[in-house]
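Colleague: I have a model open and would like to learn how to read its features. Could we go through it step by step?

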Amino acid sequence: MRLVQQRLPNQDNNLNKFLRNKISDLETDKRVLVGVFGKTGAGKSSLINAVIGEKNLLPSGSISACTSVMIKVEANMKSPKYEADIEFITKEEWKDELWSLKNFLGDNADKGNDQDEEEDYCDVDEKLSAVYGEEWRNKSHEDLMDNKYFKEIPEFLLAKRKILTCESAKELSAKCAKYTKNDSKDGKERKRWYWPLVKCVTVRVPKNRLLQHVTIVDLPGTGDRNKSRDEMWKLVVGSCSIVWIVTEINRAAAEKETWEILKSASSIMGNGGECQQIHFICTKSDHVEDSDDHSAAGVRALIFKKNMKAKEEVNKEFKKLNKLKKHFSDDCFKVFTVSSKEFLKRKRLEPDETEIPKLQEFLQDLNDCHSETINYVSGAYGILSLIQGARSRIRVR
């Protein structure tokens, strides 16, 4: 294809620009993006850990919203180590944000706040306290840009990425915590948490076959009190080929935020976006209420019954959305009831009964269908067809 690129005319028209860009794109491995969306506490991180076989990779299980930044998970095919590539916002972006945050606090200092204003104030407090502790309260935004506050992260000051390399998933998760978590109350000593300065963290898992050509994107929870985290998913959903909508099984059919994501994703699917499939994933399927039958067989039967009911309710709700259904074929929308806990511990259910293996099989199929060779050949064929078509039209003229 390099020879083809060299033989393209030097004319600066739209077709030649398009062809050059397409040929350039062939040199990079196009990854399939699987976006994982859902309300805070729905079990997104636990789901990802279970599916990729790395139970200690992403933080999970906290009462507060653990994930505060976008985390991309993909394979590290070049090294046996676990890696985290941390991309920061620029100093200029943070300076502008500081100015806005401090102005907001000044404008609202003497006002009787309504609920929305109170939540906005809490968001600002949370963000500034993460980076500065209590020092921000009596400092100007210019003072808060002093380099002393960022001495632990010189990469931020130098506009570089920070790379963490570890031998295990657990070690990497611990090192990443200050860049991805918002729990400033963690531990007895006051710590610095740098998630407000982070744009994205890419976590690479060594030699993981399910992630070879697939990137899983773990988003902060929708419906989160922090509005900046709550809005983040809307910026990402359009670039995802696959959307996993994650919700607790007990609230699957009724949760407003869950169905808002479904509507957005389906709208993008219908308007020529990247989205091709939507999976509605009901988590914590092993949770059962008190039952008179405490035998293993009785509990399993109750779990299966509840899971079947959840699938029926979700499909029933989906059928009510006539405007959305026109964007889907039967294969585009699927419902799963999963238990990450049972997949790992196997106390009540066999692995296959947790439906985690179905998601693993799906990821493997994505990898098989998007190998580098297939992508290159199909892309090259499309480019050559465009060139041939253009030449044919010129001859006709």
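Modeller: We can start with one residue and its neighbours. This is a predicted model, and in it Leu321 touches Trp259, Leu262 and Lys263, leaving aside residues up to four places away in sequence.

Colleague: Where in the chain is Leu321?

Modeller: Leu321 sits in the loop between helix 10 (296-320) and helix 11 (322-325).

Colleague: What share of the contacts in the chain with a separation of 6 or more comes from residues 24 or more positions apart?

Modeller: Such residues account for 75% of those contacts. As for the overall make-up, the chain has 14 helices and nine strands, and 46% of its 397 residues are buried.

Colleague: Trp259 was among the contacts of Leu321. Is Trp259 buried or exposed?

Modeller: The cut-off for buried is under 20% relative accessible area. Trp259 has 8%, so it is buried.

Colleague: How many aromatic pairs does a search of the whole structure find?

Modeller: The search finds nine. One of them is edge-to-face: Tyr132 and Phe150, at 6.4 Å centre to centre and with 70 degrees between the planes. The two residues are 18 apart, with Tyr132 in helix 5 (residues 115-132) and Phe150 in the loop between helix 5 and helix 6 (154-157). Tyr132 has a relative accessible area of 0% and is therefore buried. Phe150 is buried as well, also at 0%.

Colleague: Why is the pair of Trp259 and Phe280 called tilted?

Modeller: For Trp259 and Phe280 the planes are at 40 degrees, so the pair is tilted, with ring centres 5.2 Å apart. Trp259 belongs to helix 9 (residues 256-270) and Phe280 to strand 8 (residues 277-283), so the pair ties together parts 21 residues apart in sequence. Phe280 has 0% relative accessibility and so counts as buried.

Colleague: Which residues do ring pairs link into a cluster?

Modeller: The cluster consists of Phe88, Tyr132, Tyr149, Phe150, Phe156, Tyr179 and Tyr194. Tyr132 and Phe150, the edge-to-face pair, are therefore both members of the cluster.

Colleague: Now helix packing. What describes two packed helices?

Modeller: Two packed helices are described by the angle between their axes and by the distance between the axes. Here, helix 3 (residues 44-52) packs with helix 13 (residues 356-369) at an angle of about 70 degrees, and their axes are 9 Å apart. That angle makes helix 3 roughly perpendicular to helix 13. The crossing is right-handed.

Colleague: Which residues of helix 3 and helix 13 meet?

Modeller: From helix 3 they are Leu47, Ala50 and Val51, and from helix 13 they are Ile356, Leu359, Gln360 and Leu363. By class, this contact has six nonpolar residues, one polar and no charged ones.

Notes. Residues are numbered from 1 along each chain as its sequence is written. This is a predicted model: local features need pLDDT of at least 70, side-chain atom pairs count only at pLDDT 80 or more; totals for chains, interfaces and linings use all residues. Side-chain values use heavy atoms; hydrogens and water are left out. Axes are lines fitted to C-alpha atoms, for helices over the stretch in contact, and angles run from 0 to 180 degrees between N-to-C directions. Helices (H or I, at least four residues) and strands (E, at least two) are DSSP runs, numbered from the N terminus. Angles under 35 degrees count as roughly parallel, over 145 as roughly antiparallel, 65 to 115 as roughly perpendicular and the rest as oblique. A crossing is left-handed if the near helix is turned anticlockwise from the far one by less than a right angle, and right-handed if clockwise. Contact means heavy atoms within 4.5 Å. Ala, Val, Leu, Ile, Met, Phe, Trp, Tyr, Cys and Pro count as nonpolar, Asp, Glu, Lys and Arg as charged, and the others, Gly among them, as polar. Rings of Phe, Tyr and Trp (its six-membered ring) pair if their centres lie within 6.5 Å; planes under 30 degrees apart count as stacked, over 60 as edge-to-face and the rest as tilted. Buried means under 20% relative accessible area, exposed over 50%, partly exposed in between (1.4 Å probe, protein chains only).
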